[in-house]
Amino acid sequence: MRRKVILLYQKLHRAFGPQHWWPAESSFEVIVGAILTQSTSWKNGEKAIGNLKKHKVLTAKKLYRLKSRKLATYIRPAGYYNIKTKRLKAFLKFFFEKYRGNLKRLSQKPLLILRQELLAVNGIGPESADSILLYALGKPAFVVDAYTKRIFSRHRLIKESVSYDETQDFFRQNLKNEVKLFNEYHALLVKLGKDYCLKRIPRCAECPLKNQK
DNA sequence: GACCAGGCACATC
DNA sequence: GATGTGCATGGT
């Protein structure tokens, strides 16, 4: 199994090359992006981020002080904008009350403790927490998303019904515990998922993983 | 118009 | 623990 998981990674890496993730200009932007792109196309999340940049409020302090009503209008293109406003505000409250809005302080906490703390913030679930840990803070947390499950269950490497934690364990058991690898693997899976492993009509015939068992 | 997109919380059984 | 539902915009 371990060999298969690594082989699949190598195949993706050959096909697509390094993905240079997360596509953002700062760690803080990664955190905001993690919340804004929840169950939304990346493009819509990007538009919302673009609005925050346009209005020059994409910093922790400015977002913390920004009125919720205004924030909601800025992030509207991301969808679920009222919920996401609450979620961003909940993270910022946590971030300032516990870490003085300082990313360095945040990243000094050990992975598992910090993961627990992030999960306790309303609106941050396992995928957002792991995205923040991996892509904003450089910690070895493997990110599981809809694409990951779809791709691996279609290749019969995991069951379709497995939980988030079980899927993450699967990768922990079959991969070296390396930030670089976790980063690149998840990014490649998203690339594959977007382009080939579509929900309804998968493009398996053209997929770089065809014949992969 | 239907379906989908890089989730999550909450209610209910 | 599993299953269902609300949240919303924008692209195909």
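How many nonpolar, polar and charged residues does the surface near DNA strand C have? Figure 2 gives the count by class for the surface near DNA strand C.

The structure is a predicted model, in which local features need pLDDT of at least 70 and side-chain atom pairs count only at pLDDT 80 or more, whereas totals for chains, interfaces and linings use all residues. Residues are numbered from 1 along each chain as its sequence is written, and chains are lettered from A and ligands numbered from 1 in the order in which they are written.

**Figure 1. Overall view of chain A.** Chain A contains 12 helices and zero strands; these are DSSP runs numbered from the N terminus, with H or I over at least four residues for helices and E over at least two for strands. The C-alpha atoms fill a box of roughly 55 × 35 × 30 Å along the principal axes. Buried residues account for 30% of the 213 residues in chain A. A residue is buried if 20 or more other C-beta atoms lie within 10 Å of its own, exposed if 12 or fewer do, and partly exposed in between, with C-beta atoms placed from the backbone.

Figure 2. A residue is near a strand if its C-beta atom, placed from the backbone, lies within 6 Å of it. Ala, Val, Leu, Ile, Met, Phe, Trp, Tyr, Cys and Pro count as nonpolar, Asp, Glu, Lys and Arg as charged, and the others, Gly among them, as polar. Helices α3 (42-54) and α6 (81-99) each supply at least two residues, and α6 gives the largest share, three residues.

Figure 3. DNA strand B is surrounded by 27 residues, and the closest are Gln-38, Ser-39, Gly-125, Ser-128 and Lys-199. Two or more residues come from each of α9 (126-136), α10 (146-154) and α12. The largest share, four residues, belongs to α9. The surface divides into 11 nonpolar, 11 polar and five charged residues.

**Figure 4. Meeting of the two domains.** Domain 1 (2-20 + 142-206) and domain 2 (27-136) divide chain A; their bounds come from an automatic or database domain assignment. Eight residues of domain 1 are in contact with six residues of domain 2, contact meaning that the C-beta atoms, placed from the backbone, lie within 7 Å. Helix α12 (residues 179-195) gives the most to the domain 1 side, with three residues.

**Figure 5. Helix α12 and its packing.** The 17 residues of α12 reach 24 Å from first to last C-alpha, close to the 24 Å expected at 1.5 Å a residue, the expected span being 1.5 Å times one less than the number of residues. Its buried residues include Phe-182, Tyr-185 and Leu-189. The buried residues of α12 pack against α1 (2-16), α9 and α10.
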